[in-house]
Amino acid sequence: MKVDFLIIGQGIAGTVLSYTLMQAGQSVLVMDEYKPNSASRIAAGVINPVSGRRFTVAWQYDEIYPIAVQVYKAMEQLLGVPVFKPRDIYNVLPSEQLKAAFMERTSGLSYMEGPSADKLAHYQQWLDQPHGAAIVKGATVLLQNLLPGWRDYLKKHNSLREERLELSRLEITPKGVKYADITARYLVFCEGAATVNNPWFNYIPFLLNKGEVLRVQIPGFSTPDIVKRSVSLVPQGDDTYWVGATFAWDYPDEQPTTEKREILEKGLEQLLKVPYKVLDQLAAVRPSGTDRRPIMGLHPEYPVLGIFNGLGTKGTSLAPAMAAQFAAHILQNVPLQADTDINRFFNRYKG
């Protein structure tokens, strides 16, 4: 098999990059050993224009969001499954100080507003909200539909190998790579946290962190909104909600822990006035860079090898715009942004 691109990994990065390259007329083969607890597969896919307790606008949000909407709606049409859903993010404010911070930040931002009296009243029987709430206009990417839908699409087009790449069998040549019966002009690693063990890119300072989430049922509670306080409730249908997420930078394994379950349940109890039932607990390791920016580009010594990674907790919002930039870089020699280009780590590599 001869292809233009061999892509390793089919999380959100590998999915959107492979789609982008195929839309650009490139032949693509994705290699992915299915892992049910990958970061992309347990994520809620939330697109949130602001971050933190001070409602700081996310990096390049006004530029990347329209691209995300366009790409996910196009993939929705292609795959015939729901992929993109705009949602209000109903932020329950824990203090008067944060209420004041929100009021300060709403000025001039079209995606932030105060809730109506009707909306506050609607939630009153369900949520503990003595300091009121704030609404941020966001969305969710329905990863539970997108990732398997794209996997099926790849299979139908003979563009998926469900296996692990064995690095010892990979041959790098000046014109591309060879692996078993595959010849490709470029190989791009979209392998998430596994990149720390990649011999060509392990000089990049990744900041891996483990996240844990719950899936809960709240009988009778139904809302299209994401509800957020110290934890986020993301609707999954049938009175069930994704609840998350925790962070841990020091962890012995990838298994769920009692400690983080207690933290998530404490957050639920601060938020809810009504009972809930825990259905499941999941954990995964997220890939992100130390500077919290995407990591992409071609290897300085082996330019047939590339990386597209480090999208972090903003992965669903960042992936379409960053994939477009990466594709333009490879196919049209368009320079990457300095703060996303792996050349920012080049001196470390040389050392």
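In which loop is Arg 292 found? The points below answer this and then take up other features of the structure, which is a predicted model.

1. **Arg 292.** Arg 292 is found in the loop that runs between strand 17 (277-286) and strand 18 (295-298). Although Arg 292 is not a glycine, its phi is positive, at about 60 degrees. Its relative accessibility is 52%, and since exposed means over 50%, Arg 292 counts as exposed.

2. **Ala 180.** A positive phi is also found at Ala 180, where the value is about 50 degrees although the residue is not a glycine. Ala 180 is found in the loop between strand 11 (176-179) and strand 12 (182-189). With 52% relative accessibility, Ala 180 counts as exposed.

3. **A cis peptide bond.** The bond joining Gly 244 to Ala 245 is cis, and its omega is near -5 degrees. Ala 245 is found in the loop between strand 16 (240-244) and helix 7 (258-271).

4. Helix 8 covers residues 315-332 and has 18 residues. At 1.5 Å a residue, helix 8 should span 26 Å, and its end C-alpha atoms are 24 Å apart, which agrees.

5. Is helix 8 mostly covered or mostly uncovered? Helix 8 is mostly covered, with 14 of its 18 residues buried. Just after the helix comes Asn 333, which takes a positive phi of about 60 degrees.

6. **The nonpolar cores.** In soluble globular proteins, nonpolar side chains tend to be buried together. In this model the largest nonpolar core has 64 residues. Those with the most contacts inside it are Ile 7, Leu 17, Tyr 72, Leu 146, Phe 308 and Met 322. Apart from this core lies another, of 27 residues, which includes Ile 182, Ile 295, Val 304 and Phe 345.

7. Which residues are in contact with Leu 17, leaving aside its neighbours within four places in sequence? They are Ile 7, Val 188, Cys 190, Phe 308, Ala 323 and Phe 326.

8. **Asn 198, a buried polar residue.** Asn 198 lies in the loop between strand 12 and strand 13 (209-217). Its relative accessibility is 2%, so Asn 198 counts as buried. The side chain of Asn 198 makes a polar contact of 2.9 Å with the side chain of Glu 191. When neighbours within four places in sequence are left aside, Asn 198 is in contact with Phe 189 and Glu 191.

9. Side chains of opposite charge can pair when their charged atoms come close. How many salt bridges does a search of the whole structure find? The search finds 16. In one of them the side chains of Lys 137 and Asp 88 meet, at 3.0 Å from N to O. This pair links distant parts of the chain, with Lys 137 in strand 8 (residues 133-141) and Asp 88 in strand 6 (residues 84-92), 49 residues apart. Lys 137 counts as partly exposed, at 34% relative accessibility, whereas Asp 88 counts as buried, at 15%.

10. **Asp 225 and Lys 119.** Asp 225 forms a salt bridge with Lys 119, and the closest N and O atoms are 3.0 Å apart. The two residues are 106 residues apart, Asp 225 in the loop between strand 13 and strand 14 (226-228) and Lys 119 in helix 5 (residues 117-124). With a relative accessibility of 6%, Asp 225 counts as buried.

11. A salt bridge of 3.2 Å, N to O, joins the side chains of Arg 151 and Glu 162. Arg 151 is in helix 6 (residues 143-156), and Glu 162 is in the loop between strand 9 (160-161) and strand 10 (170-173), 11 residues apart. Arg 151 counts as buried, at 6% relative accessibility, while Glu 162 is partly exposed, with a relative accessible area of 48%. Through salt bridges that share partners, Asp 32, Arg 41, Arg 151, Lys 155 and Glu 162 are joined into one network.

Note on methods: Residues numbered from 1 in each chain as written. Predicted model: local features only at pLDDT ≥ 70, side-chain atom pairs only at ≥ 80, totals over all residues. Heavy atoms only, no water. Core = buried A, V, L, I, M, F, W, Y, C linked by side-chain atoms within 4.5 Å. Buried < 20%, exposed > 50% of the residue type's maximum accessible area, 1.4 Å probe, protein only. Contact = heavy atoms within 4.5 Å. Helix = DSSP H or I, 4+ residues; strand = E, 2+ residues; numbered from the N terminus. Expected span 1.5 Å × (residues − 1). Polar contact = N/O pair within 3.5 Å; in protein donor to acceptor, adjacent residues only side chain to side chain. Salt bridge = Lys/Arg side-chain N within 4 Å of Asp/Glu carboxyl O.
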